[in-house]
Structure formats: C-alpha cells, structure tokens
Amino acid sequence: MKEVLYKNLNMKSGLALILIFTFMVWGWYNWHEKRQYEDYITNSMMSDDLWHVSHSSEEAMNVMEDVITTKTITPEQASALSREFSRIHELTWKYEAMAHEFDRVGERDDLGIGSETSLAAGDIARYFKNLSDELGESKQIPEDKLKRYQSVLNLTSGWYQVDQDVFGPDTMERLKESGIQSDLWVQYLMALQKSTINTVEDIPVTVEILDFDAYLE
C-alpha cells in the first residue's frame, strides 16, 4: 500500500515538475518572442521610418517654399508633394497605431495620440496627386490659393521644427539609442499632433482636418 502511495506521489511530483518546466519554457519563449518583435520594430523604426517623416517634412517644406515664392506649380512639384505627404501619412498612421498596440497611450500614461497628423497629410497628398494628374504644364497660382498653400507650408515647417526640438540634429541616432521602450518616439508623435492642431486652428477660416483637401480646392 505504501509503495503504491509513494508511486502516486512520485508520479504527481513528476507531473508537477513537468508542468512547471513547461510553463517556464513557455514563459521564456513568449518573452523572447516579444523581445525579438520589439527589437525588430526598434531597428525598423529607428533606422528608417520616423527618420523619413522628418526628411519628407523637410522636402515638402522646401518644395512649398519654391511654389509660394514663384507663385507657380509644376507637375513635377505636385507629384513630389504628393509623394512626400503620402510617406508622412503612411508612417505617422503606422506609429500612431503602434502607440496604441504597445499600450503607450491612454489614461494609464496620461498620454493621448490621435490621427490628426496622418489624416491631414493624407488629405494633402490626395490633393496634390489629383493636381499632378491634371497639370500638363506649369500653372500660375492665384492669390487666394497661395494663402491656402501657405497653411500647407506652415504644417510642414511645424513638423520639421518638431523633429529639431525633440531629436536635435541626430534624429536617427537618438531613436536608435532610445528604442521602443522609451517615451521619445511617443513624445515625437504627440508633438507632431500638437503642431498639426495648432497650425490648423491658426488658419483664419474654419478647417476640418478630415477635409483638408477640400480646403485646398
């Protein structure tokens, strides 16, 4: 009888050890997978994505300055603006969503990230894409439209200034050093959002961010 009890106890102990070991392996595997995913996101983000937001903001700003100075726009300029704003839209949308995925926003952190920047950039990209398709040659820009284009320039210069304020001259290096676990990239998105909202609010007429392309028409 005692031998049977000992055998049962040994079997239960063995099963318990196996379960504990299994949970330990499973926990380590999940942790390892998460770290690999975070490392991948960090490398992708720090080496490429958010740097391109800054770069595209600067490129769009330079093109808009030329357009406003010359009071003309060429098909090539419209196409370039569409391309740069599309990139800003896609990448800010991606990382706005990622901020929610990694639970970096909301009441817990007293942080909030909306989609104002990505939506405005998407609308502007769509406007210049349509314009580039319509233009056959350079086109003079009337004064009333120049004022609207100035708002676009203000957006891009604001976004570029955010990069300088948050990251300084070494954007990519700062992002690589900080990684996904830091708040630096979240602060960057929040600063972009604040800049977008402030710029739109400063426009003399009421403009809906969801209909920014309609404002430019």
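What pattern does the chain follow when read along the sequence? The pattern is α-β-α-α-β-α-α-α-α.

1. Overall make-up. Please keep in mind that this is a predicted model. The chain holds seven helices and two strands. Of its 217 residues, 43% are buried. Among contacts with a separation of 6 or more, 81% are between residues 24 or more positions apart.

2. Helix 2 against helix 3. Helix 2 covers residues 75-101 and helix 3 covers residues 116-134; their axes come within 7 Å and cross at roughly 155 degrees. Because an angle over 145 degrees counts as roughly antiparallel, helix 2 is roughly antiparallel to helix 3. Helix 2 passes helix 3 in a left-handed crossing.

3. Residues in that contact. On the side of helix 2, the residues are Pro75, Ala78, Ser79, Leu81, Ser82, Phe85, Ser86, Ile88, His89, Thr92, Trp93 and Glu96. They meet Thr117, Ser118, Leu119, Ala121, Gly122, Ile124, Ala125, Phe128, Lys129, Leu131 and Ser132 of helix 3. By class, the contact of helix 2 with helix 3 has twelve nonpolar, nine polar and two charged residues.

4. Ser82 as an example. Is Ser82 buried or exposed? Ser82 sits in helix 2, and it counts as buried because its relative accessibility is 7%. Apart from neighbours within four places in sequence, Ser82 is in contact with Ala125, Phe128 and Lys129.

5. Helix 4 against helix 6. Helix 4 (residues 143-166) packs with helix 6 (residues 184-202) at an angle of about 155 degrees, and their axes are 9 Å apart. The two helices are therefore roughly antiparallel to each other. Their crossing is right-handed, whereas helix 2 passes helix 3 in a left-handed one.

6. Residues in the second contact. Helix 4 contributes Ser151, Asn154, Leu155, Gly158, Trp159, Val162, Asp163 and Val166. Helix 6 contributes Leu184, Tyr188, Ala191, Leu192, Ser195, Thr196 and Thr199. The contact of helix 4 with helix 6 divides into eight nonpolar, six polar and one charged residues.

7. How many salt bridges does a search of the whole structure find? The search finds six. One pairs Glu143 with Lys71, with the closest N and O atoms 3.3 Å apart. Glu143 is in helix 4 and Lys71 is in the loop between helix 1 (2-70) and strand 1 (72-73), so the pair, 72 residues apart, links distant parts of the chain. Glu143 counts as partly exposed, at 48% relative accessibility.

8. Backbone at Lys71. This residue, in the loop between helix 1 and strand 1, has a positive phi of about 60 degrees although it is not a glycine. Most residues other than glycine have a negative phi. Lys71 is partly exposed, its relative accessible area being 37%.

9. Arg126 and Asp123. These two form a salt bridge in which the closest N and O atoms are 2.3 Å apart. Arg126 and Asp123 are three residues apart in helix 3, which means that about one helical turn separates them. Arg126 is partly exposed, with a relative accessible area of 43%, whereas Asp123 counts as buried at 4% relative accessibility. Elsewhere, salt bridges that share partners join Arg83, Glu84 and Arg87 into one network.

10. Glu84 and Arg83. Glu84 counts as buried, at 8% relative accessibility. Arg83, at 45% relative accessibility, counts as partly exposed.

Note on methods
Residues numbered from 1 in each chain as written. Predicted model: local features only at pLDDT ≥ 70, side-chain atom pairs only at ≥ 80, totals over all residues. Heavy atoms only, no water. Axes fitted to C-alpha atoms, helices over the stretch in contact; angles between N-to-C directions. Helix = DSSP H or I, 4+ residues; strand = E, 2+ residues; numbered from the N terminus. Parallel < 35°, antiparallel > 145°, perpendicular 65-115°, else oblique. Left-handed = near helix turned anticlockwise from the far one by under 90°. Contact = heavy atoms within 4.5 Å. Nonpolar A, V, L, I, M, F, W, Y, C, P; charged D, E, K, R; others polar. Salt bridge = Lys/Arg side-chain N within 4 Å of Asp/Glu carboxyl O. Buried < 20%, exposed > 50% of the residue type's maximum accessible area, 1.4 Å probe, protein only.
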